[in-house]
Amino acid sequence: MEQKQINFDQLLEFGENGEAEVAKYLMDTCNMMVLPLYQFKGKDSTPLIMHKNNKKFIAPDLTCFSNGNMFPIEVKTKNKWVHWDNKLETGFNYEHYKNYKEIQELTQVQWIVIFNQKIEEPTGYFYTKLTVQDKFCRHWDGKVGGKQVRKELWLYNKEILKPITEYFPQEINEIHSTN
């Protein structure tokens, strides 16, 4: 039991550090204003919650401001890629995806997901819209051979992910103007 708690604490710290790295990059390189919502520590902490119609939703890691727009960003920090069907993928908990998608639908505000890929090449910061064409993403039920081995995941194909550059704010504004 103790080993699992240490691993959870290490994973939490790893994710928080990754979110801070992305926030700093967006501020320093992309000249964006960032409101970080990930500032919680410890095993007993809970993420910030948004409310609508007596329903609770997990808040995004960052809320960013640029060129008259405001948009939510969810940051996922990863050590490696998923290798599936001769493709590279990365993703996150499917329950969280459904939460973010519902917020996006209720608010009509496009969410952005940034993957901070740390160790396995290609490394760097990559982004996509939360919702993309089905050919670029998939739901994995977490089963192998009919046995549940992990939580369900929402996965994005590397083809849909774009590297973040100093032009990220303009690209994001284009995403918002087309919705």
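W154 is buried, at 9% relative accessible area, where buried means under 20% relative accessible area, exposed over 50% and partly exposed in between, with a 1.4 Å probe and protein chains only. This tryptophan belongs to an aromatic cluster in which ring pairs link F92, Y94, Y97, Y100, W111, F115, W154 and Y156. The model is predicted: local features need pLDDT of at least 70, side-chain atom pairs count only at pLDDT 80 or more, and totals for chains, interfaces and linings use all residues. Residues are numbered from 1 along each chain as its sequence is written, and side-chain values use heavy atoms, with hydrogens and water left out.

**Overall organisation**

- The protein chain holds three helices and 14 strands; helices (H or I, at least four residues) and strands (E, at least two) are DSSP runs, numbered from the N terminus.
- Of the 179 residues in the protein chain, 39% are buried.
- Among contacts in the protein chain with a separation of 6 or more, 65% join residues 24 or more positions apart; a contact means heavy atoms within 4.5 Å.
- The chain exposes about 10,800 Å², and carbon and sulfur atoms supply 52% of this area; accessible areas come from the Shrake-Rupley method with a 1.4 Å probe, and for residues only the protein chains shown count as cover.

**Aromatic pairs**

- The structure contains twelve aromatic pairs, where rings of Phe, Tyr and Trp (its six-membered ring) pair if their centres lie within 6.5 Å, with planes under 30 degrees apart counted as stacked, over 60 as edge-to-face and the rest as tilted.
- The rings of Y97 and W154 have centres 4.1 Å apart and planes at 15°, so this pair is stacked.
- Y97 in helix α2 (residues 94-107) and W154 in strand β13 (residues 153-157) are 57 residues apart, and their pair links distant parts of the chain.
- Y97 counts as buried, at 6% relative accessibility.

**The six-stranded sheet**

- An open sheet of six strands runs in the order β1-β4-β5-β8-β9-β14, with mixed pairing; two strands pair if DSSP finds at least two bridges between them.
- Its edge strands are β1 and β14 (162-163), each of which pairs on one side only.
- Within the sheet, β5 (residues 69-78) and β8 pair in the parallel sense over six bridges.
- E74 stands opposite V113 in β8.

**Salt bridges**

- Seven salt bridges are found in the whole structure, each being a side-chain nitrogen of Lys or Arg within 4 Å of a carboxyl oxygen of Asp or Glu.
- One of them joins the side chains of E21 and K118, at 2.8 Å from N to O.
- This pair links distant parts of the chain, with E21 in helix α1 and K118 in the loop between β8 and β9, 97 residues apart.
- E21 counts as partly exposed at 29% relative accessibility, and K118 is partly exposed with a relative accessible area of 32%.
- K76 forms a salt bridge with E74, with the closest N and O atoms 3.1 Å apart.
- Both partners count as buried: K76 has 12% relative accessibility, and E74 has 3%.
- D85 and K87 form a salt bridge whose closest N and O atoms are 3.7 Å apart, and K87 counts as partly exposed at 33% relative accessibility.

**Nonpolar surface patch**

- M33, L35, F65 and M70 make a nonpolar surface patch of about 400 Å²; patches are made of residues with over 30% relative accessible area and no salt bridge, like charges being joined within 9 Å and nonpolar side chains (Val, Leu, Ile, Met, Phe, Trp, Tyr) within 5 Å.
- L35 lies in strand β1 (residues 33-36) and counts as partly exposed, at 42% relative accessibility.

**Backbone features**

- Most residues other than glycine have a negative phi, and most peptide bonds are trans.
- N31, which is not a glycine, has a positive phi of about 55°.
- N31 is found in the loop between α1 (2-28) and β1, where this residue counts as exposed at 69% relative accessibility.
- N53 also has a positive phi, near 50°, and is placed in the loop between β2 (49-52) and β3 (55-58).
- The relative accessible area of N53 is 66%, so N53 is exposed.
- The peptide bond from E121 to P122 is cis, with omega near -5°.
- P122 lies in the loop between β8 (112-117) and β9 (124-129).
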